[in-house]
Amino acid sequence: MKIAITGKGGVGKTTFAAMISRLFAEEGYSVLGVDADPDANLALALGFPKELIDEIVPISEMKSLVAERTASTPGSFGTMFKMNPKVSDIPERYCKEYNGVKVLTMGTVDTGGSGCVCPEHVLLKTLTSHLILGNKDVIVMDMEAGIEHLGRGTAKNVDAFIVVVEPGERSLQTYRKVKKLAEDIGVKKILVVGNKIRDRKDESFILNHIEEDECLGFIHYNPNIVDSDRSNLSPYDVNHQIKEEVKNISNKLKGVI
Ligand SMILES: Nc1ncnc2c1ncn2[C@@H]1O[C@H](COP(=O)(O)OP(=O)(O)O)[C@@H](O)[C@H]1O
Ligand SMILES: [Mg+2]
């Protein structure tokens with residue numbers, strides 16, 4: 001299963017990506033978390049210790065790896081290079097693992113303004129699309145906020161986009177834009193998780209603005225999540241209710257993918 005977590009900035013994408021990754025790992029899946037946000041913080045939300053985070057080298061900074069696999073010259077643009085680089089060994093060789101979740105960080109790829117056909121991006125895109133997964137393998141991509149990544153198609157080969165929304169018009173507007181653009185690039189399924197829910201009214205507000213069968217479930221506003229961020233803990237470890245909510249969402253997800 002390959003899923004990409006998207007939505008407006010601050011809605012809880014990284015929080016949710018980390019929690020569902022931890023849950024899958026606990027259930028015995030082999031989980032690869034791909035941090036596709038240039039402002040990377042997935043490893044932190046997964047509970048990685050600081051020292052291990054410092055050891056993570058973003059793919060975009062592995063210049064010689066990119067050059068070797070794409071047969072390009074570092075920094076080249078507009079020259080010929082391989083469009084189908086070998087990627088199968090990358091998760092094992094270049095990921096850091098903690099709490100049963102492997103993490104790969106994409107880093108900042110200079111998009112060059114033209115759909116980005118630079119070697120770095122080709123390697124990253126191939127990585128998330130060509131890794132062959134067994135039925136106990138999961139890739140969870142934590143995307144950059146907003147819609148820009150849709151133009152680059154970074155996550156176009158996933159099984160589903162999960163758009164995280166909060167009970168408010170602004171994040172629902174981002175949901176509508178994501179949905180439109182994702183459909184344009186051929187993403188098969190768009191699903192929604194409502195986060196920071198306070199009451200039934202919040203749930204109805206979201207349900208009234210999305211298609212009924214898209215909703216995977218809700219996560220309540222939970223002060224423990226805020227505390228976990230402040231104390232540098234994984235939100236998955238701080239409260240039993242959150243685990244239950246994420247479990248319900250993941251069960252529903254397994255049923256629709
Ligand atoms: N259900 C929740 N209850 C309370 N705070 C939350 C919840 N989900 C996320 N947050 C907080 O919201 C902030 C943004 O979350 P984050 O996952 O970093 O968002 P994003 O990745 O979408 O930018 C963080 O401070 C996080 O702790
Ligand atoms: Mg984030």
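## Close-up views of a predicted model

With 14 C-beta neighbours inside 10 Å, Asn248 counts as partly exposed, a class that lies between buried (20 or more other C-beta atoms within 10 Å of the residue's own) and exposed (12 or fewer), with C-beta atoms placed from the backbone. This is a predicted model, in which local features need pLDDT of at least 70 and side-chain atom pairs count only at pLDDT 80 or more, while totals for chains, interfaces and linings use all residues. Residues are numbered from 1 along each chain as its sequence is written, and chains are lettered from A and ligands numbered from 1 in the order in which they are written.

**View 1. Asn248 and its helix, H11.** Asn248 lies in helix H11, where helices are DSSP runs of H or I with at least four residues and strands are runs of E with at least two, numbered from the N terminus. The C-alpha atom of Asn248 is separated by 9.8 Å from that of Ile219, although the two residues are 29 residues apart along the chain.

**View 2. The two sides of helix H11.** In H11, Ile242, Glu245, Val246, Ile249 and Leu253 are buried. Seen down the helix axis, the buried residues of H11 fall within an arc of 95 degrees, so they line one face of the helix; the arc is that of the directions from the axis to the C-beta atoms. An α-helix has 3.6 residues a turn, so residues three or four places apart point the same way. On the other side of H11, the exposed residues are His240, Gln241, Glu244, Asn251, Lys254 and Gly255.

View 3. Of the 17 residues around ligand 1, Gly12, Lys13, Thr14, Thr15 and Asp229 come nearest, a residue being near if its C-beta atom, placed from the backbone, lies within 6 Å. Helix H1 (13-26), strand E7 (190-197) and helix H10 (223-230) each supply at least two residues of this shell.

**View 4. Strands E7 and E8.** E7 and strand E8 (residues 215-220) pair in the parallel sense over 4 bridges, where pairing requires that DSSP finds at least two bridges between two strands. Ile197 stands opposite His220 in E8.

**View 5. Two asparagines in loops.** Asn99, in the loop between strand E3 (96-98) and strand E4 (101-105), has a positive phi of about 50 degrees although it is not a glycine. Asn232, in the loop between H10 and H11, is likewise not a glycine and has a positive phi of about 60 degrees. Asn99 is partly exposed, with 16 other C-beta atoms within 10 Å, whereas Asn232 is exposed, with 12.
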